[in-house]
Amino acid sequence: MCIDCGCPSPGHDHHHHKAHDHDHGHDSRTVRIEEDLLAKNDRLARANRELFRDKGLFVLNLVSSPGSGKTSILERTLADLGAQTGFAVLEGDQQTANDAERIAATGVPVHQINTGAGCHLDAHMVGHGVERFDLDAVDILMIENVGNLVCPASFDLGEDHKVAVLSVTEGEDKPLKYPQMFQAADILLINKIDLLPYLRFDVEKCKQFARRVNPAIRIFELSCHSGVGMDAWYGWLAEGVAKKRKQ
Amino acid sequence: MHEVGITQSIVEIAERTARSGGAKRVLSVTVEIGALSGVIPEAVEFCFEACSKGTFLENARLIIERVPGMGRCPNCAGETEIDAYSCECPACGAFGLETLQGKELRVKEMEID
């Protein structure tokens with residue numbers, strides 16, 4: 001059993017945590033606790049982050065509603081960059097290994113995490129998920145979260161960036177409807193822009209709404225289908241890898 | 001519905017503390033939930049009975065203290081109550097308010113026997 005996270009899987013390494021001091025007020029029956037509910041997740045996320053830093057990994061957590069094109073963006077990115085950059089992919093879904101099979105077809109190491117009833121990935125799942133990979137051979141770890149614009153916003157996985165994907169077949173007001181997610185993400189990919197001639201999606205309005213929620217958010221407009229806009233995204237990935245290697 | 005996991009954490013934290021304090025059971029547990037935490041207090045209440053069954057917290061009272069969201073305007077520095085990150089400043093209409101309070105998600109204290 002892992003003594004750090006309490007799960008039955010042996011042999012993985014967490015960086016060590018300090019014991020908490022609690023004030024147990026012996027004269028009183030009231031005990032102060034003051035412990036964050038996400039403390040366990042955050043502790044495991046810190047351990048993940050330390051591991052990723054030690055290995056020089058650039059780690060992205062892709063979040064969006066189902067169907068925005070996360071897996072397709074990954075497929076295209078891996079196909080275009082896989083020859084010169086080492087990738088590994090963690091796939092999160094409630095059920096099926098469909099996405100992992102699509103990624104595996106590109107030749108990139110992939111591991112599927114099924115959350116069952118769970119609506120998000122947490123740091124614990126990611127910590128064990130990466131045990132499947134030879135991290136020394138990886139430059140970029142892509143984590144595709146469960147398609148859900150609500151719950152994944154609250155869970156730190158130890159990633160460098162949360163990357164929100166919003167496709168133009170959705171409403172441009174998604175950032176206003178799900179502000180927490182667009183606040184937590186610092187990168188926004190507006191996907192499927194090749195479809196704009198057929199839709200009434202207002203890109204400028206969408207960007208404006210995203211910046212209302214998060215003035216610092218960086219936005220890329222692209223289509224992983226036609227390939228338009230992908231170069232800017234690749235440029236940003238390359239910058240991220242270079243920065244991470246230097247650290 | 002990440003409230004199930006959140007509620008399990010409440011039980012886990014309280015039970016661990018109760019055990020190490022030599023308590024036999026927990027009578028009540030007080031939790032702070034901020035308006036911007038992404039957690040719905042009613043859903044936590046709903047999950048609590050099921051999550052506490054068979055633990056030190058079975059039949060314990062769950063007390064939820066709601067912490068309102070507070071933000072500061074980047075433009076006029078005015079402070080205002082906010083319920084979402086997209087709120088605009090009521091005084092000057094600017095966006096991007098800095099969150100001062102409301103993200104709390106914390107087990108505050110408990111009463112033990």
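In the views below, contact means that heavy atoms lie within 4.5 Å of each other. The model shown is a predicted one.

**View 1. Packing of helices α2 and α8 in chain A.** Helix α2(A), residues 70-81, packs against helix α8(A), residues 230-246. Their axes are 12 Å apart and form an angle of about 70°. Angles of 65 to 115 degrees count as roughly perpendicular, and α2(A) and α8(A) are therefore described as roughly perpendicular to each other. On the side of α2(A), the residues that meet the partner helix are I73(A), R76(A), T77(A), D80(A) and L81(A). Their counterparts in α8(A) are M230(A), W233(A), Y234(A) and L237(A).

**View 2. Surroundings of H2(B).** H2(B) is listed by UniProt under "binding site", in an unreviewed entry. This residue belongs to the segment that precedes α1 (3-20) of chain B. Is H2(B) buried or exposed? The relative accessible area of H2(B) is 4%; buried means under 20%, so H2(B) is buried.

**View 3. Surroundings of N145(A).** The loop between β5 (140-144) and β6 (161-167) of chain A holds N145(A). With a relative accessibility of 1%, N145(A) counts as buried. Which side chain makes a polar contact with the side chain of N145(A)? The partner is the side chain of N61(A), at 3.1 Å. N61(A) is also among the residues in contact with N145(A) when neighbours within four places in sequence are left aside. Others in this group include L62(A), V63(A), K70(A), G92(A) and H120(A). L121(A), P152(A) and L157(A) are likewise in contact with N145(A).

**View 4. An open sheet of 4 strands from chains A and B.** Strands of a sheet pair through backbone hydrogen bonds, in either a parallel or an antiparallel sense. Here the order of the strands is β1(A)-β6(B)-β1(B)-β2(B), and the pairing is mixed. The edges are formed by β1 (30-36) of chain A and β2 (61-67) of chain B; each has a single partner strand, so one side of each is left without a neighbour in the sheet. From one strand to the next, the twist averages 20°.

**View 5. Pairing of β1 and β2 in chain B.** Strand β1(B), residues 26-34, pairs with β2(B) in the parallel sense over 7 bridges. G34(B) has V67(B) in β2(B) as its bridge partner.

Notes: Residues are numbered from 1 along each chain as its sequence is written. Chains are lettered from A and ligands numbered from 1 in the order in which they are written. This is a predicted model: local features need pLDDT of at least 70, side-chain atom pairs count only at pLDDT 80 or more; totals for chains, interfaces and linings use all residues. Side-chain values use heavy atoms; hydrogens and water are left out. UniProt positions are given in the numbering used here, feature names are shortened, and annotations may be inferred rather than shown by experiment. Helices (H or I, at least four residues) and strands (E, at least two) are DSSP runs, numbered from the N terminus. Buried means under 20% relative accessible area, exposed over 50%, partly exposed in between (1.4 Å probe, protein chains only). Two strands pair if DSSP finds at least two bridges between them. Axes are lines fitted to C-alpha atoms, for helices over the stretch in contact, and angles run from 0 to 180 degrees between N-to-C directions. A polar contact is a pair of N or O atoms within 3.5 Å; within protein, one must be able to donate a hydrogen and the other to accept it, and residues adjacent in sequence count only if both atoms are side-chain atoms. Angles under 35 degrees count as roughly parallel, over 145 as roughly antiparallel, 65 to 115 as roughly perpendicular and the rest as oblique.
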